[in-house]
Amino acid sequence: MLDHDPDTALLARIGRGDAAAVRLLVAAKLPRILGLATRMLHDRAAAEDVAQDAFVRVWRTAATWQPGAARFDTWLHTVVLNLCRDRLRRRPETGREATDGAVPDMPDPAPDAESSLIEAERDRTVAMAIAGLPERQRDAILLVHYQDLSGAEAAAVLDVSIEALESLLARGRRTLRTRLCSSQEDDAHD
Amino acid sequence: MTDPLTIDRFRDLAEAYGAAVARWPDRYRAPGARIATTPEGAAILAEAADLDARLDRWRVEAPGPDLAARIAVSGAIATRRAALRLRWWWSGVGIAATLAGAAAGTAAVAMSVPIDRGYGVGAATDLGAINGSTSFGDITGSDR
């Protein structure tokens, strides 16, 4: 499984101080890192700080990276998840309020203002439903559905067995289905 | 060995990973794709796909070019410094190894040269031990 980590060669180049390899890694990983941090923190500025912190750890690690222990992408997700959890722990009271009340980042604005508002409201509904899940269910859904990690990789990041991961995912998705379907019915009644 | 994929397990997988069979663990993909073509399998996947579509509505703005540039510049500086430090360290090891080699070589030469003719590094002492004469004179007092 670990024999073909596509990032190993790039990390070796970065370890030799290759600036082009640095740019390639940033282009490949920054959108994924920022997506995870934004969805966890619901705060764009904080998510950007986390992304920068995560890359500082990457630069420190690149020269001594040992292929085989873990996939680099899995390790990077673990780093980002831990950085986000630290931030969430540091704001225990305001964190939950900010999460519940935050309007997620808007996609590119639609030409029509009304459709843009509807789209933003749908985003917000999904974001709030996921934010309301228990922490481990939320993390499992973010890693598998949004970060597109395999079950084995997500289980490694969360330090659980595959069976436990599947249980977290299934329970999380069941709750989301209930919440999102009921919110859609509410919208239909309005 | 491949586990047989029952319809119950198929449902569990769809409930956990969603409707995209490509996201399922490797060993279930091929049998999963086969069950997906059955009416029961298709109905299970349709339900999972509905939730997937709802979740996909939550999109996140891509990083701006400024952030990417800032991270890339700091990364280029940090990794260049780290690479230089590593090279410096290895050159230090090289110098140390050279010096150690030179010292070892000197010691080896010293030990391998015959001492009974008095040409070796320890010759004076050894000769002194034999007849009491050194380059400072006869330490046994025989020239008094």
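Helices (H or I, at least four residues) and strands (E, at least two) are DSSP runs numbered from the N terminus. This is a predicted model, in which local features need pLDDT of at least 70 and side-chain atom pairs count only at pLDDT 80 or more, while totals for chains, interfaces and linings use all residues. Residues are numbered from 1 along each chain as its sequence is written, chains are lettered from A and ligands numbered from 1 in the order in which they are written, and side-chain values use heavy atoms, with hydrogens and water left out.

View 1. Let's start with Ala48(B), which sits in helix α3 of chain B. Ala48(B) is buried, at 4% relative accessibility; here buried means under 20% relative accessible area, exposed means over 50%, and partly exposed lies in between (1.4 Å probe, protein chains only). Leaving aside residues up to four places away in sequence, Ala48(B) touches Arg173(A) and Arg177(A) as well as Ala14(B), Gly18(B) and Ala19(B), where contact means heavy atoms within 4.5 Å. Trp24(B) is 24 residues from Ala48(B) in sequence, and their C-alpha atoms are 13 Å apart in space.

View 2. The size of an interface is often given as the accessible area lost when the parts come together. Buried area is that loss for two parts, summed over both (1.4 Å probe). Chain B and chain A bury about 3,800 Å² between them, with 60% of it on carbon and sulfur atoms. Of the area that chain B buries against chain A, 21% comes from Arg54(B), Leu55(B) and Trp58(B), more than from any other three residues. The contact draws on 48 residues from chain A and 36 residues from chain B.

**View 3. Polar pairs across the interface.** Between chain B and chain A there are 13 residue pairs in polar contact, both residues at pLDDT 80 or more. A polar contact is a pair of N or O atoms within 3.5 Å; within protein, one must be able to donate a hydrogen and the other to accept it, and residues adjacent in sequence count only if both atoms are side-chain atoms. On the side of chain B that touches chain A, α1 (7–17), α3 (39–55) and α4 (65–112) of chain B each supply at least two residues. The largest share, 13 residues, comes from α4(B). By class, this side has 19 nonpolar, four polar and 13 charged residues; Ala, Val, Leu, Ile, Met, Phe, Trp, Tyr, Cys and Pro count as nonpolar, Asp, Glu, Lys and Arg as charged, and the others, Gly among them, as polar.

**View 4. Salt bridges between and within the chains.** A salt bridge is a side-chain nitrogen of Lys or Arg within 4 Å of a carboxyl oxygen of Asp or Glu. This rule gives 20 salt bridges over all chains, and five between chain B and chain A. Asp148(A) pairs with Arg23(B) in a salt bridge, with the closest N and O atoms 3.0 Å apart. Within chain A, Asp139(A) forms a salt bridge with Arg138(A), at 2.8 Å between the closest N and O atoms. Asp139(A) is buried at 0% relative accessibility, and Arg138(A) is buried at 9%.

View 5. Arg11(B) forms a salt bridge with Asp8(B), the closest N and O atoms being 3.3 Å apart. Both residues lie in helix α1 of chain B, three residues apart, about one turn of the helix. Arg11(B) is partly exposed at 29%, as is Asp8(B) at 48%. Glu40(B) also forms a salt bridge with Arg11(B), with 3.8 Å between the closest N and O atoms. Glu40(B) lies in helix α3 of chain B and Arg11(B) in helix α1 of chain B, so this pair ties together parts 29 residues apart in sequence.
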